[in-house]
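Me: Hi! I have a new model open and would like to talk it through. Could you take a look with me?

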Amino acid sequence: PVRAGVPRFEEGKFGQAVLGEAGTENKIATPTTFAGWARLDGGAVLDNDGSFYPSQAKFARVTTTAWGFQSNSIPAANGQTWSVSYIARRGTGDGEPRAAIMIMNASNTHVSNIWPTFSSRNIGGGWVRYEATFTINRADTGYICLRFYVTATNGGYHDFTLPQLEQKPYATSFIDGTRSPETLTIPTAGVLNPQEGTVACWVKL
């Protein structure tokens with residue numbers, strides 16, 4: 001995540017390029033504190049240890065291999081495409097930090113699961129960002145939930161934070177709430193003459 005109003009520079013074709021993102025809404029309730037989650041069994045919510053941003057965000061230390069760490073229920077429907085992302089850090093567990101999507105019916109009863117295929121990349125401090133896109137294929141879908149769990153067999157833990165569920169065919173960077181579509185404004189005063197010349201740029205979508 002990046003602070004609002006701060007440009008992000010990435011390696012581009014001719015050196016550095018400015019990264020702009022589409023607007024989105026994170027449907028996870030209070031994703032920096034886990035306060036709105038339906039269940040927090042099989043783990044604990046701990047204060048940020050200074051290893052990731054934003055500093056006020058907490059992380060979940062999960063030991064359960066069952067269904068204990070479950071987000072709020074999010075209205076959803078059959079045929080919709082969503083993207084899920086989070087960051088995780090390996091702890092004492094001998095297994096992997098994992099996430100699944102729970103399918104709930106209109107009565108908010110658990111009826112099925114989706115195990116998305118996640119891509120991952122190291123982001124420093126021992127943390128790895130995971131993201132995946134999935135399409136719901138169950139007619140009685142009324143809601144979806146995000147579930148964190150571990151595959152450890154030794155009773156160990158892994159850490160999870162910055163969960164995000166967004167109704168998009170691709171994942172975007174973490175936002176607590178809603179992000180407006182980003183725009184890039186280049187001042188012309190003393191730089192460009194708006195009455196003459198040509199402006200060209202390379203864009204990667």
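Predicted model: local features only at pLDDT ≥ 70, side-chain atom pairs only at ≥ 80, totals over all residues.

Me: What about E131, which residue does it form a salt bridge with?

Reply: E131 pairs with R129, and their closest N and O atoms are 2.9 Å apart. R129 counts as buried because its relative accessibility is 10%, under the 20% cut-off. E131, at 26%, counts as partly exposed.

Me: Which residue does D140 meet in a salt bridge?

Reply: That would be R138, at 2.6 Å from N to O. D140 has a relative accessible area of 32% and is partly exposed; for R138 the value is 32%, again partly exposed.

Me: Zooming out, how far apart are the mean positions of the positive and negative charges?

Reply: They are 3 Å apart, taking the 17 positive and 16 negative charges of the protein.

Me: Change of topic: how many helices and strands are there?

Reply: There are 0 helices and 16 strands. As for contacts with a separation of 6 or more, 74% are between residues 24 or more positions apart.

Me: Nice. Where does T178 lie, and what does it touch?

Reply: T178 is in strand 16. Leaving aside residues up to four places away in sequence, T178 touches T24 and E25. T178 and T24 are 154 residues apart along the chain, yet their C-alpha atoms are separated by 5.8 Å.

Me: Is T178 buried or exposed?

Reply: Exposed, because its relative accessible area is 59%, over the 50% cut-off.

Me: Last one: which residues make the nonpolar surface patch?

Reply: V191, L192 and V199 make a patch of about 300 Å². V199 sits in the segment after strand 16 and is exposed, at 68% relative accessibility.

Me: And what are the overall dimensions?

Reply: The C-alpha trace spans about 65 × 40 × 25 Å along its principal axes. Of the 205 residues, 39% are buried, and the accessible surface is about 11400 Å², with 51% belonging to carbon and sulfur atoms.

Conventions:
Residues numbered from 1 in each chain as written. Heavy atoms only, no water. Helix = DSSP H or I, 4+ residues; strand = E, 2+ residues; numbered from the N terminus. Buried < 20%, exposed > 50% of the residue type's maximum accessible area, 1.4 Å probe, protein only. Contact = heavy atoms within 4.5 Å. Areas by Shrake-Rupley, 256 points an atom, 1.4 Å probe, with all protein chains shown as cover. Lys, Arg positive; Asp, Glu negative; His and termini not counted. Charge placed at Lys NZ, Arg CZ, Asp CG, Glu CD. Patch = residues over 30% accessible without salt bridge, like charges linked within 9 Å, V, L, I, M, F, W, Y side chains within 5 Å. Salt bridge = Lys/Arg side-chain N within 4 Å of Asp/Glu carboxyl O.
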